[in-house]
Amino acid sequence: MIRRREFISLLGGATAAWPLAARAQQGDRVRRIGVLMPGHEKDPSFKTRVSAFTQALADLGWTDGRNARLDLRWAGDDINRIRALAQELVGLQPDIIATNGTPETVAVQRETRTIPIVFANVGDPVASGIVARLDRPGGNVTGFAILEASLGGKWLELLSEIAPGLNRAAIMFNPDTVLVSAYMPSLETAARSLKVEPITAPVHSDIEIETAIIALGREPGGGLVVMPDAFLNSHRAPTILAAARNNVPAVYALSETARDGGLLSYGVDRVDSFRRAASYVDRILRGVKPGDLPVQVPTKFEMILNLKTARALGLTVPPSLLAIADEVIE
């Protein structure tokens, strides 16, 4: 049964809070913290992550404008802009840089091997070449990964449960921003069990998103699995609209998509992941080497159901899904 679950962090206790006495010994120097975010400043999903991060820093004793200075940059989904902002942040010579997402982390790492980097919401930091290993990352980078390979199969199982006539499913992703291969083994196993044909659907633009969904909706039985993808998160509005227009049920990895009108989401709580990154920023600012801090695994997952969208698609949500949903939108 799929539930919002609490997992034990890798090498438990690595993010445990320091004693209050240690927190108080901050010194007088203002610490400069660079932050590189994907998306746009007005996007509520990313704004929520930044708010959680800054609040967690404040709870640990680091207040922007008092003993810390946050240099925040928004990269959109333009890889060239991400690289330029990474160079800009490194040029400011901050004490530490926090990143959200794989492209942002890779871009900053290319610019510095000395300034500590704490990442959040990176899919597979080993496969991406960000760290050599999870337990002892070494170098100047560590953080919070979000890869849970079994999610591939769970997305398909959920989609099949909410849309019982499912016989084929497009797996939508942007190959520049997500490592879809990590999720495919569990997804393909589920597809064989459910007798659903998986179809890969790489996309790079709104036009390609719409074209793939139109093709999927031409015959009954089509469904859509949207990968945990920074590009698709930034382009979630046209994805949701195309799925609605073509009567295609879809499951998403990111919760904000269901809140914005998508049918169903299940995945890592990314706000929590970025909030947890503040604990590593705190420890590194107090003298711990980033390479000595193990990369942490996800600890919180959430499922959101949009009943309004289900009704529009003519779907009846089974009580079993309603019972385990963390949030139901009516």
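The model contains two cavities of 30 Å³ or more, a cavity being a set of points on a 1 Å grid over the protein atoms alone where a 1.4 Å probe fits but cannot get out. This is a predicted model, in which local features need pLDDT of at least 70, side-chain atom pairs count only at pLDDT 80 or more, and totals for chains, interfaces and linings use all residues. Residues are numbered from 1 along each chain as its sequence is written, and side-chain values use heavy atoms, without hydrogens and water.

Helices α8 (230-234) and α9 (236-245) each supply at least two of its lining residues (DSSP runs of H or I, at least four residues; strands are E, at least two).

Select next Ile146, Leu151, Trp155, Tyr183, Pro228, Ala253, Gly267, Val268 and Arg270, the lining of the second largest cavity. Its volume is about 40 Å³, and α5 (151-162) and β10 (264-268) each give at least two residues to the lining.

Finally, display Thr102, Pro103, Asp176, Thr177 and Val178, which lie nearest the centre of the largest pocket, among 41 lining residues. A pocket is an open set with protein on both sides within 12 Å along at least five of seven lines. About 690 Å³ lies here, and α4 provides the largest share of the lining, six residues.

Key. 1 Å grid on protein atoms, 1.4 Å probe; cavity = no way out; pocket = protein on both sides within 12 Å on 5 of 7 lines; lining within 4 Å. Points joined across faces, edges and corners; volume = space filled by probe spheres on them.
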